[in-house]
Amino acid sequence: MARFLDQAIRASRRMATLLWIIAVVLVIAGILAIVRRQLIWGIVLIIVGLLVGPGGVSIFT
């Protein structure tokens, strides 16, 4: 039982790290889109990045 819980905790940490990396990439892509004068696309990417990130309002939980 303890082994299963340990594996679940490790999997949860990996998922949180992956979501954090995806969120950072989306926000950076959104900022770059705004700099390239693609305002709507940039705003959408930033909002999606904030929703996906584990520190924000995650849509996967």
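What you have here is a predicted model, where local features need pLDDT of at least 70, side-chain atom pairs count only at pLDDT 80 or more, and totals for chains, interfaces and linings use all residues. Residues are numbered from 1 along each chain as its sequence is written, and side-chain values use heavy atoms, with hydrogens and water left out.

Let's start with the helices (DSSP runs of H or I, at least four residues, numbered from the N terminus). H1 covers residues 2-35 and H2 residues 39-52, and they pack at an angle of about 165°, with axes 7 Å apart. The axes are lines fitted to C-alpha atoms over the stretch in contact, and angles run from 0 to 180 degrees between N-to-C directions. That's why H1 and H2 are roughly antiparallel to each other. Where they touch (heavy atoms within 4.5 Å), H1 brings residues including Leu19, Ile22 and Leu26, while H2 brings, among them, Trp41, Ile46 and Val52.

Now for the loop between H1 and H2, where you'll find Arg37. Its phi is near 70°, a positive value in a residue other than glycine. Arg37 counts as exposed because its relative accessibility is 77%; buried means under 20% relative accessible area, exposed over 50%, and partly exposed in between (1.4 Å probe, protein chains only).

Finally, look for the one salt bridge in the whole structure, meaning a side-chain nitrogen of Lys or Arg within 4 Å of a carboxyl oxygen of Asp or Glu. Arg10 and Asp6 make it, at 2.8 Å from N to O. Both lie in H1, four residues apart, about one turn of the helix. Arg10 is partly exposed at 41% relative accessibility, and Asp6 is partly exposed at 38%.

Note on methods. Helices (H or I, at least four residues) and strands (E, at least two) are DSSP runs, numbered from the N terminus. Angles under 35 degrees count as roughly parallel, over 145 as roughly antiparallel, 65 to 115 as roughly perpendicular and the rest as oblique.
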